[in-house]
Amino acid sequence: MRIVIAGGHGQIALRLERLLAARGDEVAGIIRRAEQGDDLRAAGAEPVVCDLESASVDEVAALLRGADAAVFAAGAGPNSGTARKDTVDRGAAVLFADAAVRAGVRRHVVVSSMGADPAHPGDGVFDVYQRAKGEADAYVSGLDALDWTILRPGALTNDAGTGRVRLEADTGRGAVPRDDVAAVLMELLDTPATAGLTLELISGSTPVSVAVKSVAGN
């Protein structure tokens, strides 16, 4: 498969790129700065420089044409203010989804956040973040032209992955290693029957492949 990942230099994206490249998939990662390219090449991915905060739908669609799947894994980051929560966590996610529709790339996987909700109250940075992610999820899930899956991990850690997770519509709060998030994303890409699902993810006792097959109804 050819997979295009928005936010290609992010911690989850780099892990996913390594997994996909290792099994022979063609992976492109969209990055904001050219100097990030070496990290993507080391992961086995093709770096594509494009600023999703300023690009047009047509520009991003051109990067997506010919892909089998798109993954939105971009984020403004923990040190950004409320303005970039809107321009990246909401705006870039909406742009990327619209570009996928225009490019005819149906399979679309979004890395969201547990607790994302367009009606989330409050004016703190994290409140704005949760609202922005919720608005983006609501937009993507309303696009009939996409076979979307939204993944909402719990608290992210850099612990080594265990390969065992809890993946359900509602898991309750918990943590999960970024390694395991990447492994679940790869399995979701391979399981089109998960289209139309919004899933929460935390560490658990079920092997990743079994967890994904279970939510897909297999």
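Select α6 and α7: α6 passes α7 in a right-handed crossing. The model on screen is a predicted one.

**Stop 1: α6 against α7**

Helix α7 covers residues 208–215, and its axis comes within 9 Å of that of α6, crossing at roughly 45 degrees. The pair therefore counts as oblique. To see the contact itself, show Ala183, Val184, Glu187 and Leu188 on the α6 side, then Val208, Ser209, Val212 and Lys213 on the α7 side. Sorted by class, this contact of α6 with α7 holds 5 nonpolar, 1 polar and 2 charged residues.

**Stop 2: α6 on its own**

Colour by accessibility next. How many of the 12 residues of α6 are buried? The count is 11, so α6 is mostly covered. The buried residues are Arg178, Asp180, Val181, Ala182, Ala183, Val184, Leu185, Met186, Glu187, Leu188 and Leu189. Charged side chains are on that list too, including Arg178, Asp180 and Glu187.

**Stop 3: α1 against α6**

The crossing of α1 and α6 is right-handed. From α1, select Gln11, Ile12, Arg15, Leu16, Leu19 and Leu20; from α6, select Arg178, Asp179, Val181, Ala182, Ala183, Leu185, Met186 and Leu189. Together these make up the contact, with 10 nonpolar, 1 polar and 3 charged residues. Ala183 is one of the α6 residues in this contact, and Ala183 also takes part in the contact with α7.

**Stop 4: alanine 22**

Stay on α1 and pick alanine 22, which is placed in that helix. Is alanine 22 buried or exposed? Its relative accessibility is 68%, so alanine 22 counts as exposed, the cut-off for exposed being over 50%. For a distance check, draw a line from the C-alpha of alanine 22 to that of leucine 146: the two are 124 residues apart along the chain and separated by 27 Å.

**Stop 5: isoleucine 31**

Move to strand β2, residues 26–31, and select isoleucine 31. Isoleucine 31 has 2% relative accessibility and therefore counts as buried, where buried means under 20%. Which residues surround isoleucine 31 once its neighbours within four places in sequence are left aside? The contacts are Gly8, His9, Gln36, Gly37, Leu40, Pro47, Val48, Val49 and Cys50. Valine 48 is 17 residues from isoleucine 31 along the chain, and their C-alpha atoms are separated by 6.0 Å.

**Stop 6: α4 against α5**

Finish with residues 82–103, helix α4, and residues 125–141, helix α5. Their axes come within 8 Å and cross at roughly 10 degrees. α4 and α5 are therefore roughly parallel to each other, as angles under 35 degrees count that way. On α4, show Thr82, Lys85, Asp89, Arg90, Ala93, Val94, Ala97 and Asp98. These meet Val125, Val128, Tyr129, Ala132, Lys133, Glu135, Ala136, Tyr139 and Val140 on α5. By class, the contact of α4 with α5 divides into 10 nonpolar, 1 polar and 6 charged residues.

Terms used
Residues numbered from 1 in each chain as written. Predicted model: local features only at pLDDT ≥ 70, side-chain atom pairs only at ≥ 80, totals over all residues. Heavy atoms only, no water. Buried < 20%, exposed > 50% of the residue type's maximum accessible area, 1.4 Å probe, protein only. Helix = DSSP H or I, 4+ residues; strand = E, 2+ residues; numbered from the N terminus. Left-handed = near helix turned anticlockwise from the far one by under 90°. Contact = heavy atoms within 4.5 Å. Axes fitted to C-alpha atoms, helices over the stretch in contact; angles between N-to-C directions. Parallel < 35°, antiparallel > 145°, perpendicular 65-115°, else oblique.
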